[in-house]
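Work through the exercises below with the model open. Try each task before you read its solution.

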Amino acid sequence: MTTTCFTRPTFTSRVVPVIVLNDAAHAVPLAHALLAGGIDVMEITLRSSAALAAIEAVARAVPEMQVGAGTITRVADVARVVDAGASFALSPGCTDALVHAVRVAGLPFVPGVMTPGEVMRTRDMGFELMKLFPAAQAGGLAMLKALSGPLPDVAFCPTGGISPDNLADFLALPNVAMAGGSWLTPADALSQGDWARITRLASEATQSAKNVSI
Ligand code: 3PG
């Protein structure tokens with residue numbers, strides 16, 4: 001056990017697109033579309049067979065984009081995403097084995113939590129930024145407000161149920177560092193290559209985040 005803060009990813013965007021890519025050829029145009037909308041981070045989830053090739057393509061061709069891997073649930077995932085060039089990883093949960101693997105790999109990691117006990121245990125492991133997942137089912141805004149009382153030193157990235165309608169409310173909470181979701185990269189926009197729509201969604205989210213911090 002350590003009390004040292006474990007390396008956490010740093011990116012300027014407070015909005016994290018949670019992406020399921022079925023075609024790795026979409027990865028680079030998608031990265032440019034998000035950057036055009038002010039978002040410099042991508043969480044490409046390991047939920048499709050194209051994910052690793054997509055991470056690799058962005059890492060190689062779009063250096064201004066920070067590309068990370070999502071849905072890391074097994075130790076074996078860690079080496080695969082590091083080899084692909086992921087600069088960080090997120091998980092819906094947290095296990096001792098995963099934490100050991102990301103530490104050995106030196107991979108910045110955002111573990112998932114859903115209860116106060118999980119937050120405390122994960123903080124004991126040295127993490128200060130955690131993914132609250134699934135955020136809506138965990139209690140959403142009310143849960144984050146409740147956690148800030150006894151656990152004020154933990155920052156969260158809520159995902160699961162975040163939308164343009166509630167994004168600003170989440171980002172306005174002092175213990176929310178960033179929020180993630182799939183609404184920025186709808187499946188139909190990806191399959192149609194509608195990059196303009198994705199840039200528009202990204203710009204709207206970026207504007208919401210800016211309005212909150214003004
Ligand atoms: C995640 O993996 O972070 C969530 O499944 C994203 O949830 P959403 O589709 O409700 O944004």
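**Exercise 1. Find how much space lies in the largest cavity, and name the residues that line it.**

Solution. The model is predicted. Start with the volume: the largest cavity holds about 40 Å³ of space. Searching the whole structure gives one cavity of 30 Å³ or more. Now list the lining: P9, F11, V16, F88, L90, V110, C157 and M178. Last, sort these residues by type.

**Exercise 2. Work out the strand order of the open sheet, and explain why one side of β6 and of β8 is left without a neighbour.**

Solution. Take the order first: three strands run β6-β7-β8, and their pairing is parallel. Then look at the ends of that order. β6 (112–113) and β8 (155–158) are at the edges, and each has a single partner strand, so one side of each lacks a neighbour in the sheet. Now turn to β7, residues 129–132. Four bridges connect β7 to β8. C157 is in the lining of the largest cavity, while K131 is among the residues around the ligand.

**Exercise 3. List the residues that surround the ligand, then find which atoms of T159, G161 and S182 lie by its oxygen atoms.**

Solution. Begin with the shell: V18, R47, K131, F133, T159, G160, G161, G181 and S182 surround the ligand. By type, this shell has two nonpolar, five polar and two charged residues. Now take the distances one by one. For T159, a side-chain N or O atom is 2.9 Å from a ligand oxygen. For G161, the atom is a backbone N or O, 2.8 Å from an oxygen of the ligand. For S182, a side-chain N or O atom lies 2.5 Å from a ligand oxygen. Finish with the area. Alone, the ligand exposes 320 Å², and the protein buries 78% of this.

Methods: Residues numbered from 1 in each chain as written. Predicted model: local features only at pLDDT ≥ 70, side-chain atom pairs only at ≥ 80, totals over all residues. Heavy atoms only, no water. Near = heavy atom within 4 Å. Polar contact = N/O pair within 3.5 Å; in protein donor to acceptor, adjacent residues only side chain to side chain. Areas by Shrake-Rupley, 256 points an atom, 1.4 Å probe, with all protein chains shown as cover. Nonpolar A, V, L, I, M, F, W, Y, C, P; charged D, E, K, R; others polar. Pairing = 2+ DSSP bridges. Helix = DSSP H or I, 4+ residues; strand = E, 2+ residues; numbered from the N terminus. 1 Å grid on protein atoms, 1.4 Å probe; cavity = no way out; pocket = protein on both sides within 12 Å on 5 of 7 lines; lining within 4 Å. Points joined across faces, edges and corners; volume = space filled by probe spheres on them.
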